[in-house]
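The tour below moves from one selection to the next and says what is found at each stop.

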Amino acid sequence: MLELLNESLTGVDAEIGSGDVIKADWDEDFRELLSFARESQKWLAEFESTEKERTGIKNLKVGYNDTFGYYVEVPKSRSKDVPPYYMKRQTLVNAERFVTKELLEFESRVQDAYSRIEEKEKELFAELVKKLADNLSSLRRAAEWIAYVDVATSLSLAARKMGWTKPQIVPERILMIKNGKHPVVEWYSDVPFVPNSVDLGASVRTALVTGPNMAGKSTFLRQTAIIVLLAHMGSFVPAQEAVVPLTKKIFARMGAADEIIYGRSTFMVEMTQIARILRESDEFSLVVMDEVGRGTAVADGLAIAWAVIKELSMRKHKPFALISTHYPEIAELSADLPVLFLAAQVAETEEGLTFLYRIEQGVSDKAYGLEVAALAGIPPHVLSEAGKVFQKLSSQDLFLRPEAKQMRLF
Ligand SMILES: Nc1ncnc2c1ncn2[C@@H]1O[C@H](COP(=O)(O)OP(=O)(O)OP(=O)(O)O)[C@@H](O)[C@H]1O
Ligand SMILES: [Mg+2]
């Protein structure tokens, strides 16, 4: 039934009655009206050349405006040469505008055609709407099935194309992903995606991922959540092997945003989300929390992050949790907690920093923020100023040596 709509419709510029919505060939009358309207331009061009010949006025032209409709425009210098059947409509600085009986008739035919097009298209559209309304429930069912088939075939195509495997969803509290990947980053990336693994279980369900900027922490957190979600959707997953615990809720605290119209600053939004995670997560939850501890003074951030990690990793009904941070201090503080420490690896070479994107056991103790800032295009003189302060802070041991600082903080 929908074959009557024009394929080129975008929905945005489709005004019913414009003649652009319904296909011309759908209805004979409609087609004739449209072709007459569309050929009117041709008629005008012919009219113009005939009038030039008839009057001998070479720079005469035919035009249209909303107030006066169609007109013949003649330069003032030649207006005395127009034939008697020209009727004056408008005087401009350098030209005069006229109409003829023929032009007026044409105009009324065109106007008539357009109003009939409008009427006809509205009528045809109303018929369509009625037919659709009469079949609404079967249409809805069809749309649901199409959506279902679309999702299922897309997931299976992705699985086949990208070598996904069938995950196991288990009642036990095990989250074991071997060589998992982020499907979207892999798809769009020019370089080969580096797969990573995670293995959490009954007693240790929290992983703390440290690592420099740009090293792949957020990607690793998200891919884990995506794999758990895909598995629960009944899809294959981007991993060599995946054993996923039966999960009821996934909580994700990623990125930074404020909600200033609701009276919430960036840090407030972050804390509200963390509060909700602490309130609502249980052993059937997966929590991914990016950059915990940022957005406030260093000591405050470290303190909150540590307490949150302690709570999540030690509570009775603890969720699976993957938490990332730039602060090695947080790992240091969490040394006695049941936490798996993971670190995104980079290599320092002669040419600079190389991101390896391997997530391995351990704690990373450098952020390489200045190096990444340089890659991002911060001007050298600004970087060199930053470098001086960085040296000073490092030598003062203010923020950078965990063991010294731990005493100061607590
Ligand atoms: N496993 C991977 N294999 C290949 N490329 C990756 C991988 N992980 C991340 N990348 C690339 O590195 C970029 C940065 O990754 P990501 O945002 O995860 O880093 P990050 O450690 O969270 O950095 P930041 O601390 O600055 O937030 C990604 O946009 C992606 O292009
Ligand atoms: Mg990140």
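Select strand 3 and strand 4 (residues 95–99), which pair in the antiparallel sense over four bridges; strands here are DSSP runs of E with at least two residues, helices are runs of H or I with at least four, both numbered from the N terminus, and two strands count as paired if DSSP finds at least two bridges between them. Within this pair, show Gln 90 and its bridge partner in strand 4, Arg 97.

This is a predicted model, in which local features need pLDDT of at least 70 and side-chain atom pairs count only at pLDDT 80 or more, while totals for chains, interfaces and linings use all residues. Residues are numbered from 1 along each chain as its sequence is written, chains are lettered from A and ligands numbered from 1 in the order in which they are written, and side-chain values use heavy atoms, with hydrogens and water left out.

Now widen the selection to the open sheet of four strands, whose order is 1-2-4-3 with antiparallel pairing. Strand 1 (61–65) and strand 3 (87–91) stand at the edges with a single partner strand each, so one side of each has no neighbour in the sheet. From one strand to the next, the twist averages 40 degrees, with axes fitted as lines to C-alpha atoms (for helices over the stretch in contact) and angles running from 0 to 180 degrees between N-to-C directions.

**Second stop: around strand 13**

Select strand 8 (residues 206–210) and strand 13 (residues 339–349), which run parallel and are joined by five bridges; Ala 207 has Leu 340 as its bridge partner in strand 13. Strand 14 runs antiparallel to strand 13, with seven bridges between them, and the two form a hairpin with two residues between them. Look here for Val 346, which stands opposite Phe 355 in strand 14.
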